[in-house]
2 protein chains.
Amino acid sequence: MSMITLGVADLDRATAFYEQVLATPPNKTHDGVRFIELPGVWLSLYPLAELAKDIAPDITAIRSGFAGFSLAYNARSELEVREIFGRVSTIGGRIVKPPAATFWGGFAGYFSDPDGYYWEVAYGAMFNFDEQGALLPSAAA
Amino acid sequence: MSMITLGVADLDRATAFYEQVLATPPNKTHDGVRFIELPGVWLSLYPLAELAKDIAPDITAIRSGFAGFSLAYNARSELEVREIFGRVSTIGGRIVKPPAATFWGGFAGYFSDPDGYYWEVAYGAMFNFDEQGALLPSAAA
């Protein structure tokens with residue numbers, strides 16, 4: 001798996017949100033898709049109607065209810081989790097579950113982006129990362 | 001970004017599908033979540049109702065219509081794209097757009113998984129990968 005594409009209502013709004021919350025360098029645009037190249041996987045942002053059309057002409061580009069998935073960012077410390085949540089609410093996101101200790105021994109919370117997609121931001125001592133910042137297989141821990 | 005969690009109706013069905021289509025080693029289960037550790041990002045599978053509950057108690061765990069996103073796997077060749085689509089329909093997926101030349105100079109198609117989530121499988125000569133198979137930043141190309 002190499003990319004996730006989110007269909008968004010407002011491409012500039014979504015891009016500004018993700019650049020700030022992920023603290024990434026300026027994004028790249030190809031053929032109307034904004035690419036935010038994260039370690040190990042690219043996040044791409046595309047107008048919802050365009051994404052639906054790219055998949056199949058018979059998909060109705062209307063979202064309602066729970067999209068059924070969540071994305072996760074593994075932070076390097078509890079402090080980094082807190083810093084991200086500190087930014088989220090000032091830049092157009094919504095804090096859904098404030099960060100707190102989790103049942104699995106970590107520290108995590110959820111926010112939703114301007115389009116209502118859910119992200120978990122978590123710290124857990126059991127997670128390890130490579131030099132680029134991508135999550136390592138657990139066997140390498 | 002380090003994980004994507006898909007809320008699924010049948011955890012065993014979804015796990016079997018992804019193990020076959022991605023040709024991954026046996027998955028790991030922690031606290032009821034199935035983890036498929038891919039290069040650079042983990043795919044996790046979780047019963048839809050459990051995922052909704054983990055995010056917030058007021059989310060209704062019912063999906064309808066277009067979820068609004070797609071996942072992508074970048075293959076190493078047109079042949080690998082064809083091989084993946086050859087497996088998809090025999091293991092419970094649905095071919096939404098058979099692989100063909102794309103407007104951006106690649107070769108790609110879409111399938112949907114047993115829960116109706118969309119994947120693009122694409123080959124493009126402009127994409128490069130690290131030793132583990134994770135997509136490299138385009139600047140490194």
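Which residue of E1(B) does A:Ser70 stand opposite? In this predicted model, A:Ser70 faces B:Thr5 in E1(B). Local features rest on pLDDT of at least 70 and side-chain atom pairs on pLDDT 80 or more, whereas totals for chains, interfaces and linings use all residues; side-chain values use heavy atoms, with hydrogens and water left out. Residues are numbered from 1 along each chain as its sequence is written, and chains are lettered from A and ligands numbered from 1 in the order in which they are written.

Strands (E, at least two residues) and helices (H or I, at least four) are DSSP runs numbered from the N terminus. The pairing of A:Ser70 with B:Thr5 belongs to an antiparallel arrangement of E6(A) and E1(B) over four bridges, where two strands pair if DSSP finds at least two bridges between them. Within chain A, E6(A) also pairs in the parallel sense with strand E9 (residues 118-123), over five bridges, and here A:Ser70 stands opposite A:Tyr118. Six of the six residues of E6(A) are buried (under 20% relative accessible area, with exposed over 50% and partly exposed in between, using a 1.4 Å probe and protein chains only). A:Phe69, A:Leu71 and A:Tyr73 point one way from the strand, and A:Ser70, A:Ala72 and A:Asn74 the other way.

A:Asn74, located in strand E6 (residues 69-74) of chain A, counts as buried because its relative accessible area is 4%. Its side chain joins that of B:Ser2 in a polar contact of 2.5 Å. A polar contact is a pair of N or O atoms within 3.5 Å; within protein, one must be able to donate a hydrogen and the other to accept it, and residues adjacent in sequence count only if both atoms are side-chain atoms. Beyond four places in sequence, A:Asn74 touches A:Ala122, A:Phe127, A:Phe129, A:Leu135, B:Ser2 and B:Met3, contact meaning heavy atoms within 4.5 Å.

For the interface as a whole, 52 residues of chain B are in contact with 52 residues of chain A. The two chains bury about 4300 Å² between them, 59% of it on carbon and sulfur atoms; buried area is the accessible area (1.4 Å probe) that two parts lose on being put together, summed over both. In chain B, the residues that lose the most area to chain A are B:Met1, B:Ile55 and B:Phe66, together 20% of what that side buries. Across the interface, 17 residue pairs are in polar contact, both residues at pLDDT 80 or more. The largest share of the side of chain B that touches chain A, six residues, comes from E6(B). This strand pairs in the antiparallel sense with strand E1 (residues 3-8) of chain A over four bridges, and B:Phe69 is the bridge partner of A:Leu6.

Two further sites lie in chain B. B:Ile36, in strand E3, counts as buried because its relative accessibility is 2%. The C-alpha atoms of B:Ile36 and B:Thr24, twelve residues apart along the chain, are separated by 7.3 Å. B:Asp115 is placed in the loop between strand E8 (107-112) and E9 of chain B and is buried, at 12% relative accessibility. The side chain of B:Asp115 reaches the backbone nitrogen of B:Ala9 at 2.8 Å. Leaving aside neighbours within four places in sequence, the contacts of B:Asp115 include B:Arg13 and B:Arg63.
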